[in-house]
Amino acid sequence: SGSTWNAPITINYFGYAFTPTSIGFGKAAAGASYPAIYSGGQFSDGTTGLMRSTDGGTTWTKINDGNHQWSGISQVVGDMRTFGTVYLNIAGGMGRGIIYGTSAN
């Protein structure tokens with residue numbers, strides 16, 4: 001939320017363009033003044049990505065790996081009580097329900 005909004009079109013990550021399809025917020029990292037931002041989307045090489053920023057969107061970290069693509073991500077949201085926990089729904093549902101992961105860093 002806010003009085004103005006600039007939607008990211010692409011995020012550059014180690015030479016790949018990342019196009020977000022969903023953005024959600026979660027509890028801020030220790031010492032951070034802005035909520036963690038989570039984004040699900042697709043990289044320019046066709047793989048699915050789950051990204052997190054702890055500094056208001058200035059820098060991003062990929063938090064999934066090549067074994068966890070889920071056929072795309074339709075919704076993503078962070079846990080507002082526990083930093084590093086993220087929930088997602090994959091594109092098209094695919095009968096997997098809600099997927100979540102957690103990381104202390």
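Reader: In which sense do S6 and S7 pair, and over how many bridges?

Author: First, the ground rules. This is a predicted model, where local features need pLDDT of at least 70, side-chain atom pairs count only at pLDDT 80 or more, and totals for chains, interfaces and linings use all residues. Residues are numbered from 1 along each chain as its sequence is written, and side-chain values use heavy atoms, with hydrogens and water left out.

Author: Now the general idea. Strands of a sheet pair through backbone hydrogen bonds, either parallel or antiparallel. Strands are DSSP runs (E, at least two residues), numbered from the N terminus. Two of them pair if DSSP finds at least two bridges between them. Here S6 and S7 are antiparallel, joined over five bridges. Valine 77 stands opposite tyrosine 87 in S7. The hairpin of S6 and S7 has six residues between the strands, and its glycine 84 takes a positive phi near 90°.

Reader: What is the strand order of the open sheet?

Author: The order is S6-S7-S8, three strands with antiparallel pairing. Strands S6 (73-78) and S8 (98-102) are the edges, each pairing on one side only. On average, neighbouring strands are turned by 20° against each other, direction ignored. The axes behind such angles are lines fitted to C-alpha atoms, and angles run from 0 to 180 degrees between N-to-C directions.

Reader: How many aromatic pairs does the structure hold?

Author: A pair of aromatic rings is described by the distance of the centres and the angle of the planes. Rings of Phe, Tyr and Trp (its six-membered ring) pair if their centres lie within 6.5 Å; planes under 30 degrees apart count as stacked, over 60 as edge-to-face and the rest as tilted. The structure holds two such pairs. Phenylalanine 18 and phenylalanine 43 have ring centres 4.9 Å apart and planes at 50°, so they are tilted. Phenylalanine 18 is in strand S2 (residues 16-26) and phenylalanine 43 in strand S3 (residues 36-43), 25 residues apart.

Reader: Is phenylalanine 18 buried or exposed?

Author: Buried means under 20% relative accessible area, exposed over 50%, partly exposed in between (1.4 Å probe, protein chains only). Phenylalanine 18 is buried, at 0%. Phenylalanine 43 is buried too, at 5%.

Reader: Which rings form the other pair?

Author: Tyrosine 87 and tyrosine 100, with centres 6.1 Å apart and planes at 35°, so this pair is tilted. Tyrosine 87 is partly exposed at 30%, and tyrosine 100 is exposed at 59%.

Methods: Helices (H or I, at least four residues) and strands (E, at least two) are DSSP runs, numbered from the N terminus.
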